[in-house]
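Hello,

Here is the structure you are taking over. Please look through it first, then read the notes below.

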Amino acid sequence: MPKRKWSRDVARLFALTAGFASCIGAPARTEPTNMVGRQESCVPCHGPDGISRDSEVPNLAGQNELYLYNQLKAFHSGRRGHKEMLYISRKMTDDDMRELAAYYSSLPPR
């Protein structure tokens, strides 16, 4: 095998391995970066760890990120009716909803 091709292949393998290792070793998000006050709005019903203490309130921890985002958008727009969630989500931006969904999906489910 020519030296040039071998070194290029090794460089590609190294880049792929490093990228893969960084994904595996990436820590779960511990808190939303822009969400000062938003997460506290969720805690009374959904719990501090995304696990509800009430059987009528869904757990958020470990849920699918896209699902959580879509539900927040539905509450925000009024397509999904729930008085408290409409109130909580009414001032959320799209970025707020994405960040909350990413945060809760990163928590360990029960």
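**Asparagine 70 and helix α3**

Asparagine 70 counts as partly exposed, because its relative accessibility is 34%. This asparagine has its place in helix α3. Keep in mind while reading that the model is predicted. Between asparagine 70 and methionine 97 there are 8.7 Å in space, C-alpha to C-alpha, while in sequence the two are 27 residues apart.

**The nonpolar core**

The largest nonpolar core has 16 residues, and the members that touch the most other members are Leu68, Leu72, Met92, Met97, Leu100, Tyr104 and Leu107. Two or more residues of this core come from each of α3 and α5 (94-106). Which of the elements gives the largest share of the core? That is α5, with 5 residues.

Leaving aside neighbours within four places in sequence, leucine 72 is in contact with Met85, Ser89, Met92, Met97 and Leu100. Three of these partners, Met92, Met97 and Leu100, are also listed among the core members that touch the most others.

**The cysteines**

How many disulfides does a search of the whole structure find? The number is 0. For cysteine 42, the nearest cysteine sulfur is that of cysteine 45, and the distance is 8.8 Å. A disulfide needs the two sulfur atoms within 2.5 Å, so cysteine 42 is in no disulfide. Cysteine 45 is in no disulfide either, and its nearest cysteine sulfur is that of cysteine 42, 8.8 Å away.

Are these two cysteines buried or exposed? Cysteine 42 counts as buried because its relative accessibility is 10%, and the cut-off for buried is under 20%. Cysteine 45 has a relative accessible area of 40%, so this cysteine is partly exposed.

**Serine 52**

Where does serine 52 lie? Serine 52 is in the loop between α2 (38-46) and α3 (65-77). With a relative accessibility of 9%, serine 52 counts as buried.

The side chain of serine 52 reaches two backbone oxygens: that of cysteine 45 at 3.4 Å, and that of valine 57 at 3.2 Å. If residues up to four places away in sequence are not counted, serine 52 touches Cys45, His46, Val57, Pro58 and Asn59.

Regards

Definitions and conventions: Residues numbered from 1 in each chain as written. Predicted model: local features only at pLDDT ≥ 70, side-chain atom pairs only at ≥ 80, totals over all residues. Heavy atoms only, no water. Buried < 20%, exposed > 50% of the residue type's maximum accessible area, 1.4 Å probe, protein only. Helix = DSSP H or I, 4+ residues; strand = E, 2+ residues; numbered from the N terminus. Polar contact = N/O pair within 3.5 Å; in protein donor to acceptor, adjacent residues only side chain to side chain. Contact = heavy atoms within 4.5 Å. Core = buried A, V, L, I, M, F, W, Y, C linked by side-chain atoms within 4.5 Å.
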